[in-house]
Amino acid sequence: MAVLRPSGDFDTSYEHDLAVVRQRWQWALLLLLLLALFTLPYYAPAPTVSLINRIGIAIIAVQGLNILTGYTGQISLGQAAFMTVGGYISALLVGAAGWSFFLALPVAGLGAGLVGLIFGLPSLRVKGFYLVMATLSAQFIIPWLTRHIYPSLLNGAQGINVPVPTFSLPVIANTCFLGTTFNAELGTCVYRFATPSQFIHITLGVLIVSTIVALNISRSRLGRALISVRDNDLAAELLGVNLFAYKLKAFFIAAVYAGVAGALLAHNLRHINSQTVGLVDSIMFMGMLVVGGLGSNLGPILGATLVVLLEELATVLAPPAAALLPTLAGGATAALKPLLFGLALMLFLIFEPRGLAHRWMLIKAAWRLRPYAR
Amino acid sequence: MTASENFLTVEDVTLYFGGNAALCEVSFGVRRGEILAIIGPNGAGKTSMLNCISGFYRPQHGRIRFKGHDLTKTPTHKIAALGLARTFQNIALYTGLSTLDNLMAARHIHMRQNSLQSILYWGYARREEVAHRRRVEEIIDFLEIAHIRKTIVGALPYGLRKRVELGRALALEPELLLLDEPMAGMNVEEKEDMARFILDIYERQGTTIVLIEHDMGLVMDISDRVVVLDFGQKIAEGTPDEVKRDEKVIHAYLGDA
């Protein structure tokens, strides 16, 4: 299917053809959406804000997985393990070392990325099913390590409490600006990202950056090299792509995304241990990616949103379900969540294996062709 | 002719798969600016020969010298940058990418942006994308595939996919182009188109071409010289007319008369 542009939208230069956001009204819509998201805490109830926060963090983790699995074709079940690494690094840097969260966040990403590189090494030798098994090992080794190494620092299986991210400003003319409050102990103005309503601004900011990075990767030399590894690794090598280097780059980038998502999660929950995210979450991320659409930048956003919303639906449906099936009593929510996830995954694999992103493209194309064809 | 005049020199190449010799002490040279055809019956080792040259197979013995490099010892991903490109018998395109992106992907070796610049996609990386896009558009115009520029190649018919694959090889701007059965499975019209493109590439850009083809009429028409393989051994080499009259070649193709 060729690209269908809205009527009257012509490419006048290669720069214009390469643009992602093409028209003024698209920019306007995008800015409106961002404005609506950033002002969410002012008009939406707290649970909704908290929900959007969770969706945002899941999107970042799935975006990383999309670069590895969707673009490079290397299947990984280690994403949650790399999140754990990022979460612990940030927790220790902010908590024990007293760093600023905003410095610790990128370092947590890079640290997780380096760990991701190690678990990416088998990808040079093995593909597909065997690579899944190799990345699965991360899911066992890393939580085990957090439970058993440096118990004085990592506190074993109990895990550690994570401080609230803050930023401080100097006192200017005896007033504190930007919504900060005076902290007598430090002698500066401090803003604390304590509640989801405050934390969501960090999540959204990171989400914007992570989305732009994913977009840039997919439309540049790096992205084409990654996709050529996925589509035909033998041809890619003969066309000058260093398979080893690009597979490792993909593992690194995916783990950086995971590390950042893990750090956000840890600071949002204010606690992290080896069970905070685990194998089930890695599988969920893979499911979100499949539901959203592998190898599409829209995929992680749509997939993570749908799956997290389904979890919410499980919470809503739990009381009537418990009345219907008394044996579920007490654990109705816990029982319904995997049920709905599994059902969604199965239906998507049968009816829309290319995910919501593909469906969205079809809808757009149909709309643009209207009324001539369907 | 001495070996130094050769652009590409294949020396005593021997390739085994287990106990089977796919190629046995094959030697020949390719001169700069010629079209050399490799022919032979099925299973003669033609594609194996091409795979050895392009670095896909590593022969057990022998050397393949190209511009002062021994290709049998060069890492596979570095061979393209030496100026060597190929197409495949069973089309090996990036099926999930559009025609345009397939050709842009082949510009990989000519682009200088590093991965960090790709991620930032600002300044140099952005200008480089446009500059290479311009070059790729020239190839798209040349091969008359502008109408499928943004079509995902997995959805293209066979003949067009062959043409896109030729375009991808051209996007590497090779000095030596290896074509593995570029006209296999095509109808007469498509074959004529493809032959025209090959001759155009050869005449306009002076690209040296090595091709494998089964259509004898076509091979004899467009190639300067022909190398004949049979059961992994070279049985003849020469101009099309010489090869046509060669006893061994007639025997290999027709059997005992």
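## Terms and basis of the model

Helices (H or I, at least four residues) and strands (E, at least two) are DSSP runs, numbered from the N terminus. In chain A, residue A:R270 is found in the loop between helix α12 (243-269) and strand β5 (271-272).

This is a predicted model, in which local features need pLDDT of at least 70 and side-chain atom pairs count only at pLDDT 80 or more, while totals for chains, interfaces and linings use all residues. Residues are numbered from 1 along each chain as its sequence is written, chains are lettered from A and ligands numbered from 1 in the order in which they are written, and side-chain values use heavy atoms, with hydrogens and water left out.

## Chain A as a whole

The secondary structure of chain A comprises 16 helices and 5 strands. Its C-alpha atoms fill a box of roughly 65 × 55 × 50 Å along the principal axes. The radius of gyration (taken over C-alpha atoms) is compared here with a globule rule of 2.2 Å times the number of residues to the power 0.38. For the 374 residues of chain A, a compact globule would have a value near 21 Å, and the chain has 22 Å, which agrees.

Of these 374 residues, 46% count as buried. Buried means under 20% relative accessible area, exposed means over 50%, and partly exposed lies in between (1.4 Å probe, protein chains only). Contact means heavy atoms within 4.5 Å; among the contacts in chain A between residues at least 6 apart in sequence, 71% join residues at least 24 apart. Chain A exposes about 18200 Å², of which carbon and sulfur atoms supply 70%. Accessible areas come from the Shrake-Rupley method with a 1.4 Å probe, and for residues only the protein chains shown count as cover.

## Chain B as a whole

Chain B has 10 helices and 10 strands. Its C-alpha trace spans about 65 × 40 × 35 Å along the principal axes. With 257 residues, a compact globule would have a radius of gyration near 18 Å; the value for chain B is 19 Å, which agrees.

Buried residues make up 57% of the 257 residues in chain B. Of the contacts in chain B with a separation of 6 or more, 66% are between residues 24 or more positions apart. The chain exposes about 11100 Å², and carbon and sulfur atoms supply 49% of that area.

## Strands β1 and β2 of chain B

Two strands pair if DSSP finds at least two bridges between them. In chain B, 8 bridges join β1 to strand β2 (residues 20-31), and the two run antiparallel. B:V10 stands opposite B:F28 in β2. The two strands form a hairpin with 2 residues between them, and B:G18 in the turn has a positive phi of about 60°.

Strand β1 of chain B also pairs with β4 in the antiparallel sense, over 5 bridges. There, B:T14 stands opposite B:H61 in β4.

## Positive phi outside glycine

B:E25 has a positive phi of about 45° although it is not a glycine. This residue is found in strand β2 of chain B and is exposed, at 57% relative accessibility. In chain A, the phi of A:R270 is near 65°, again a positive value in a residue other than glycine. A:R270 counts as partly exposed, at 33% relative accessibility.

## Aromatic rings

A pair of aromatic rings is described by the distance of the centres and the angle of the planes. Rings of Phe, Tyr and Trp (its six-membered ring) pair if their centres lie within 6.5 Å; planes under 30 degrees apart count as stacked, over 60 as edge-to-face and the rest as tilted. A search of the whole structure finds 11 such pairs over all chains. One of them joins A:F129 and A:Y130 edge-to-face, at 5.5 Å centre to centre with 80° between the planes. A:F129 is exposed at 56% relative accessible area, and A:Y130 is exposed at 57%.

In chain B, B:F17 and B:Y57 form an edge-to-face pair, 5.3 Å centre to centre with 80° between the planes. This pair links distant parts of the chain, 40 residues apart: B:F17 lies in strand β1 (residues 6-17), and B:Y57 in the loop between α1 (46-53) and β4 (61-66). B:F17 is partly exposed at 39%, and B:Y57 is partly exposed at 25%. In chain A, ring pairs link A:F101, A:F102, A:F167, A:Y191 and A:F193 into a cluster.
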